[in-house]
Every structure is written in structure tokens, then in C-alpha cells.
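Trainee: I'd like to learn how to read a model like this one, feature by feature. Can we sit down and go through it together?

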Amino acid sequence: MAIDKNILTVETGSDGIAIITIDNKNESTNLFSFDFISSYIEAANELVNNPAVKGVIVQSAKSMFMAGADLKQLEKPITDKEEFLNNSLQMHKSFREIEKAGKPFVACIDGHALGGGLELAMICHHRISTNNPKTKIGFPEIKVGLFPGGGGTLKAPYLMGIQNGLMAVLQGTNHTPAKALKANLINEVVETTEDLIPAAKKWIAENPKPVQPWDNKKYKIPGGGLMSPAGAQVMMGGIGNLRKLTHGNYPAATNAMTVIYKGLQVPFDRALEIEARYFTDTITSKEAKNMIRTGFMGIGAAKKGIARPKGVEPYPIKKLGVLGAGMMGAGIAYVSAYAGMEVVLKDVTIEGAQKGKDYSTGIVNKRVERKKMEQDFGDALLARIHPTTDPAAMDGCDMVIEAVFENLDLKATVTKETEAVLGADKIYASNTSTIPITMLAKASDRPENFIGIHFFSPVDKMPLVEIIVGEKTNDRAIAAAIDYVMAIRKIPIVVNDSRGFYTSRCFGTFTSEGLFLLDEGVPAAMIENVAKTKGMPVGPLAVSDEVSLTLGLHVMESNPDLEKSPEMSRNYKITKMLVEEHGRKGKKAGAGFYEYGGKKKLWPKLAEIFKSDVETLDKEIVAKRILHRQALEAFRCLDEGVLHSVVDGDIGSVTGWGFPIYTGGALSYIDFVGGAAFIADCDEFKEKFGPRWDVPQSLRDLVAAGKSIHDFEVKSKAEAMPA
Amino acid sequence: MAEAYIYDAVRTTRGRGNKKGALIGITPTQLATQCLQELRAKHDLNTDLVEDVILGCVSQVMDQGANIAKTAAQQSGYGDHLCGVTLNRFCGSGLEAINQASAYVKSGFSQLLIAGGVESMSRVKMGSDGGAMLMDPSVAMPGHAIPQGISADLIATKYGYSRADVDEFAYHSQMKAVAAEKDNRFTSRLDVKDVNGITVLDRDENVRENTTVESLGGLQPSFAIMGEMGGFDAVAIDRYPELEGINHVHHAGNSSAIVDGAAIALIGSKEAGEALGLKPRAIVKGAAVYGTDPTIMLTGPTPASEKVLKQVGMSASDIDLYEINEAFAVVPMLMRDNMNIPMEKINFNGGAIAMGHPLGATGCILMGTLIDELERQDKQTGLVTLCIGGGMGIATVIERV
């Protein structure tokens, strides 16, 4: 081993204080990579063994101290668990030698210290940070299906107490330096960067032979140890709440808590061994792989515009037109003005347009009040939104997004009206969620510039935007739409035209299967709870209420295939009965599958309308019907060429309608379950529940060839949408 | 195979298991020792023939640590030859001790044993022995572990027992205990004494003569906050998704009282009884345990009872009297309804809701109470059963000799 000068450098001053400066020349940020670890251990050992060195300061030359582990290294799956474990144990042994050498190490934090970065700082005896409220200090590993594997999972409860330590690890909360100091994550805060080194040197001079708390026999864990009455209470309630939040679907969380339980009962070196064993189990879990692939790599690449057609000039948007100032239009205006665009917000009446702007004013006021936004920024944002009723105001816009009522004729009228004033090379987008783009583009004189930009509600909170390519939409329009979505810092996925596109179509199967389960005698509570137990954020019946049953009816009525599809006509019949015979219209009307007003409760009469026998029901089958059905529809979208890539399907499902991330997403779910098992279940369900469970031949072929869903060859646009 | 006979059973009075309880100054070792001494005095027992003491005890730490059965055996003055073993089958421990002793006798391994249990819940708090079942996430998460009170409320929700139903049951438990006390029916009970021989407690301290259905109706549910804050309602619903929520019906007045107490039984072969000149009171016909889902946890009495009845070739209606531990009101109610047992056969003199449930001892207490009542009513057959933490049930069938 040797020190890689492209990762860190060491300089020892005449005062006997050595400074390790981390500066990864190959990356934009410092990462806790395998290469870093070996260089650091090498450097630290040399300094420990050099009698002339009195103490060591660890700092970063980059704007961050360290951003965390190098997740790219995990793209190649770890196949040899034993080798990985042994490497982890070796790493711990080396770090412990440095910790216990009796020579002071001080971490100087001036910028984010996250994950492995914070663990590096915890290997030091003293942590000093500049008092910059933008600096984030914490353990975000749980968000990618991992937990701190460099000693942090144990050190957090040692330093913060069991309750706070558990929360820091399980919730991945970021701390500002001031909060980190209060939480005992760091030891000292200084005002400026220049104050760091003198403070560190002072501490070294005063503490020539420091001992870490976990090596100090007199040290007491704040709030009491694991076997104290308080500790026992925290563990018991913690486990209950962990299931409430995760339903046992996230092994990282269970394992992290297990490490704390088992590790806090033994000496620290042996506790690290426990951490390493559970970390190995976690990092090799399907769930971690899925969360890193979809949640970190996939979304990261999508946000950077991986779907953007190559070689197309950037399409900057200075001025945006929004047609229709309802819920969606108002939200689109806000996020666009937030990103710095001038926004012309048009509605039929000036009151309507102004009301759309008021929506932004409301958000700005709330955020300013909560100190999440500067007043100046908010004022400037609002000044960029221009309410109007005049179609001619769209003149000079780089892009127009139409968000009027879902009516083909109305949409055609506004298209024509707008194109009359909009520059011939400018992009016209529709925010429709149900009507095919190709159909809408028929009203356009320039269908090559016509595209779908499908937002989710509420626009300012939902991260996904589904870009829909019509038959004649060209690459320039696609690139422009992606540039726009990137500008408003959302996640773009690109799909080909189809009724319901990708997300609405799959989401529809979720609510539809929920309705059929109810119709077949599964109690409403079981449908809702099983969906949530498997990781859906809300049950299919609750979400149908949110969307409103009347809107559902309207969407089905406008679908020309209503009569032809046995599934849709069955759904239509039941929904119509609920709406028309029983007045159950949805949440807004105060009466849907649930009763509203007081505490939200399932409508008791559901049990009379749909008779059930709980003892004969298999909740595993209920669970499979809820998730498999969505995955099967997602696969059809892939098979038909609606989706451009598997990862887009995964991202869309996770960020669009809340498909659980531990599965990787609606397509990775097929691998998660196992292709053969998935097909066998669908075949059984087809027999029992009807043709909607028919498995496309291409999936059978893929699985028969022993391949993963990620090996599926996606159709080209020409194949997918023959003219 | 030999038969196992119960020659006698004695128990202490039960004191409230909190800092105001009468017995907080009396250690569990003293409670068990006083039972042993009472048994010897009552029968002028030749203790040389007693081989071993098997005691159930749940929280085996502090005062109850280091094998309390041997500790009490040593204190009892029975002689150095007397051994002691402590076991833990949670709430079924006292009955488990009887069953194990009976099995030793039936097998011929032993001739004469003492079996029973002890728990000082005022001195050693419930749960103070920790344990992985609820605290180790790698065990508790897959196990869907929840505290017993939530399980009891889950049973009430799932099987449709309302707050009024369980309160009414609890009221009758208190009234039956009051009547039994007035009628001096607890003939095998001994007063707990201090070091001077002065009586510390001469009755079951928790019995409340002035209990009414209305007063019970005014009590706050004990497990609602725990169910919400601890996430345990959600854990229960993960396992029983057909329920929209948990109806928290149990409270301090319709759950077993936390108390201190001890009980023992003398169990031996026919020959051992003859050698001592003792007349057997009952014969142990059969015994069984049965495991259930750990989340609902407390439904074990029905399958365990069905199992033991099958073993001895009897049906539920062949049993004259039942003792079904009142851990929570819903537990005996569910078994009553599952097995169509008439209420007058169940817990004739009240139960743990009125008199308390000293965890390790209760199984043996119920056995003593059952034998006393069978004799008083001059009936033949009885069944003792208890629900048990972690999802178990235990049941034993006896017959008068």
C-alpha cells in the first residue's frame, strides 16, 4: 500500500502537527472509497509511528469535507460475502489502531460531512466545524438501503444516546453544525475557516493523549445504556415504530437497529465485528441493490438528462406560458417562476388567473414564515408571474404548457389560439394525463413541436415529470422538454404515446385491482392495510377517493375502449353503482370508500354491499394481486415500447405513484419476486381472475433464457409507434 | 406406567405488587419458603422423602435470580438432600412445574416432588429480565412482537368483544372472589408472616368489594397510548390487516392484577403417598401445551385444552369445573365461547382480575383453588389452563381420587 497523492497529501509542520488534506483529483468531491481508505490508513499509520509528530489534523481541500461512500463502486454487485466481511474487519482493525494509538487526531469540517465522511471524522478524537448553516452533518445511508458501516452505527448512540443515535441512523437526518454540536455529533464550532486550524492545534496541545468515549471505562452513554429501563423502553418502542414505518420491508433499518442492540452489550472492538457482519448482510441485500440502482444511480442520471437526445442544442427557457390557472397550472407557474423563468399565466377570467398566482403567494408566504425562503427571493419570484386573459400574451414565450380541462375540443381551441401568436419554432406542451398526445397534436400546425409534459399533483411537491412523445414529436422538442424539467429540478422520464401514457396507466391498475378485490369479498380494511404493509404509501381505495370516483368515471367514459375491455367495463359498472346509487363520489364530496369529516374511517356499508368471509382469505394473494398487477402493466408498457428504458419504468413507478423503492420499482419488482415465480402467479391468477393477468410472450422468453428484466431489449420508437 | 397424584396444594395470600403492596418487604424466597414450611407443618411431613422442588418464576433476576427454587429449598429446613430447579414458561410456569413433576413421577424417575411457583412483582418488576423476544430487533421485527395488553385488545377487536362485555366479566370476577372470601372457601391459603411470625397479610389484597360495572366503565384503557406511540397497533394490523384499527378495551380493572404470591403442590407416586400416610386429593390425568401466533399471543388456552382433552379421551362437557386464567378478561371469555362452556363452570371463586396474577405462581394457585372447589361441590373432573407470552397455551386435566 502507498499513499495516493491524487487522493490525499500529508504535510508536517515544524510544530510537530501534521495535516492530512483530502483532495480527490479524480472526482468532484471527496468520497469514502476503497482507495481512500487504504491511503488514509497508510498516511495515518506513518504519522502515528513518527515520534516527531505530536498530533494530526484531517481536513478537506474541497467545498465538502466528504460526501459519503462511493456508491458507484457498488454497481458491480458484491458476490463474495466472506471476502467483503474480511475486508471490513481489516478496515476496522486499522482504524482502531489509529484511534487507540494515543496520538490526537482532529477533524476540521468545513462543508458537508456525510456518511463515511462523518465516520472518518468520528475516527478522529475531536471534531471541529465552521458555523455554516448550509453544512450538512449526518448519516444518510438509510436512504439508499444501507447504514453506516464504518463504526458510525455504534458511535452514534455512544455519543448521542440510544434514542437520538437510533434516530440519526434510521432517519438519516442531516444536522447543521450548531445542531450537530448540541447532539454531541461534533465537539466544537468555530466561526470562520481560518479559525479551524488554530482551534485544532489548541486542542491537540491540551489533549496529548486522548481516549475515545467508547474506550473510556468511565464514560456513560447519555440517557442510559441499552439495558437501563430507559434503554429497554427505547428499543421496544423503537421496534414497534420501525415496523409501523417500514413494515419490515427494509433490512437496512432492522439490521442497523440490531447492530445497536447487540453491539452496545459488548466491548467496542467486538461490537464493530457485529456491525461488519450485519453490514455485509445489508450491502448484499436485494433491497440495497435496488435502492442504489433506482433511487441513487437511476434518478441521479435522469436528473442529469440521460434521456436527452444527443447532439441537440440546449433549449434555454426564459419565458414560459401556462394555459389554465387551475390546480395544475398554478403549480406549474410556481415551480417555473421559482427556477427563474418569467411566467405568463392565462385563464378565461382575470380573477381565475389571479387566483392561480395567489397559489404561489400562499406558498411563498408560508416558506418565508418558516424561514425556508428569503423575502427578497419570494418577492422576485412572485413578480415573475404575470396573470392574463389575453391569448396574445403568449407571444415571445419559449414554451407554452397547456393545463386546461381534460376536453379534446377545448384543448384543440387553445392550441390553435396559442399557435397564432407563438413563435413557429417554439415548443407547445400539454399537461394532459389521459388524452393521447398524437390525438391532441392533430389540432396543431406544427406537431413536431408538440409534446406532453405530464406533471403530478401537487406540482410543487411531486418530483416526477413524464414527458410524452407523440407520433410526430421531434428530438428537438424532447430535448427542450428535458431541459425545462432539469431547469425546474425535477426528474424527467420520456415515454411514447399511449392512452394513460405510463404512470396513469399503471396507477389505474392499482386502483382497479383494489376495487375488484373489494368486489370479490376482500374486506376494505384488508385491501388497504395489505397494500400499505407491502409499501404502497396509501391504499387503493383511499387513493381512489383522493382522485375522486367521479373523475374516474369521466376518464373511463372518454376511453373508446371502455366497452371492449372486460376489465374496464367491470370497473366502470362498480364505480357507477357506488357514485350513482350510493352517492360515494370521493374525498372532496366527503363520501367515498371512506367517511370524512371526523376521523377518516371506512364507510361501514361497504361490508354490506360487498360481502366477505375473512377466514377464507389469503392475504398473501391479496398482496400479490395488488403489486403483481402494477408490475405486469409496467411490463406491458415496456413490451409495447411505451417506455424507453427499464430504469425509466422503475423511476416513474417509485416517484410517480409511490411504488415501493425496496423492490427497485415496478419493473425490477419482477426480478425481486423472481421471474418464474411471477409468471406462475400470473398464470394462476389468469385462471382464477380473468384475462387481465395474461403474461406477454416476451416476458416468458426473457425468463426462460434466465435473464433479468434489466436485460430486456427495448423497442425503438419506429417499432413502438409505426406511423 | 405409574400415576401421579396431587397430595396437597397450598398458596400464600396475594399482596398488591406495587410500592404500596403489603408484601413488598417479604422476599420471594420467603414467600416460597413459607409455603414449604406450611406444607410440612400441615402434614407433619417426613421431608427426607421429598426429592426436588420445581418452581416456576418468570423474572429470574435480582431477588428471583440464582435459582430461587434451590434457594427456597435451602431455607425451608427440609434438609440438604433437597434439590431445586427454577423454570420459566411465562404465565404458565406454575402449571408447567406441576406437569413436569407429574411426568417425573409417571416415568418413575422420581417418587415425591414439590412443584409450584413464585413471583414478587413488587420487588422484581415484570420485564426486568430483558430478553430478545421484545428487545432484539432481529427477533422482534420478524416476530411481529407486541406487548400482551395490545394482544388482548387485538383479540377483543378481532372476535368482537366490546368494552361493556369485558367490564361485565371483570365485575363478576370481583364479586365471585368477594363471595368466596366471605364463605371462607380458600381453605388452602396461608397468611404471610414476617420474621417475628406476625401476620403481614391475611387476605387477597386486590379484591374490591365495592367494584361496580359503572366504576369499571370509568377507567381509561391501559394500552391505547402504548399502541399508538410504540407503534404496536400498527404491528398488530400488519399481521391482522382485516382490522381497520385496534379497539382498546382492557384496563387495570379488567386485566389481571399485578401481585406478589407463591404456591406449591406435593406430587408423588401411590407408593410415596402410602409411605407418608397421605391420602391423594387428585390424579393428574394429562397435560399439554400448544403454540399460537405470537402477535395475538393469548389464544392458546383453547387449542391446549382441546389437545389435552383428546389425550385423555374426554370432551369439554366431561369437565366439571374450569380454571381459565384471567390474564385479561377476553382470554377466558374467548375460550368459553370457543368451547361452549357454561359460565358457572368457569372460575367459580373469581380469578386473577380480582385476586391477581403472580406470574410464576398462578398455574399452581389455580390448581389448588380447583381441587378445593371440586371437593366443596363434590365434583370429579377439572381443567386448568393459562394463556402464555410468546404465543402459547398450557392445560392440565385432573380428577379427584
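**Reading strands, folds and contacts**

Mentor: Let's start with strand E1 (residues 5-12) of chain B: 8 of its 8 residues are buried, so the strand is largely enclosed by the rest of the structure. Keep in mind that this is a predicted model.

Trainee: Which strands does E1(B) pair with, and in what sense, parallel or antiparallel?

Mentor: As a general idea, side chains in a regular strand alternate between the two faces of the sheet. Here, E1(B) pairs with strand E9 (residues 259-268) of chain B in the antiparallel sense, over 6 bridges. Strand E10 (residues 282-291) of chain B also runs antiparallel to E1(B), joined by 2 bridges. With strand E6 (residues 189-190) of chain B the pairing is parallel, again through 2 bridges.

Trainee: Which residues stand opposite each other in those pairings?

Mentor: Take B:Val10, which faces B:Ile264 in E9(B). B:Tyr5 stands opposite B:Ile283 in E10(B), and B:Thr12 has B:Leu190 of E6(B) across from it.

Trainee: Moving to chain A, how compact is that fold?

Mentor: Begin with the inventory: 29 helices and 19 strands. The radius of gyration of chain A is 28 Å, close to the 27 Å that the globule rule gives for 723 residues, so the chain is as compact as a globular protein of that length. Its C-alpha atoms fill a box of roughly 85 × 65 × 55 Å along the principal axes. Buried residues make up 51% of the 723. Among contacts with a separation of 6 or more, 71% are between residues 24 or more positions apart.

Trainee: Can we zoom in on one residue? Is A:Met394 buried or exposed?

Mentor: Count the neighbours: A:Met394 has 26 C-beta neighbours inside 10 Å, and the cut-off for buried is 20 or more, so this residue counts as buried. A:Met394 sits in the loop between strand E12 (385-388) and strand E13 (399-402) of chain A. Leaving out residues up to four places away in sequence, A:Met394 touches A:Gly321, A:Val344, A:Val400, A:Thr418, A:Val421 and A:Leu422. From A:Met394 to A:Gly423, 29 residues along the chain, the C-alpha separation is 9.1 Å.

Methods:
Residues are numbered from 1 along each chain as its sequence is written. Chains are lettered from A and ligands numbered from 1 in the order in which they are written. This is a predicted model: local features need pLDDT of at least 70, side-chain atom pairs count only at pLDDT 80 or more; totals for chains, interfaces and linings use all residues. Helices (H or I, at least four residues) and strands (E, at least two) are DSSP runs, numbered from the N terminus. A residue is buried if 20 or more other C-beta atoms lie within 10 Å of its own, exposed if 12 or fewer, and partly exposed in between; C-beta atoms are placed from the backbone. Two residues are in contact if their C-beta atoms, placed from the backbone, lie within 7 Å. The radius of gyration is taken over C-alpha atoms; the globule rule is 2.2 Å times the number of residues to the power 0.38. Two strands pair if DSSP finds at least two bridges between them.
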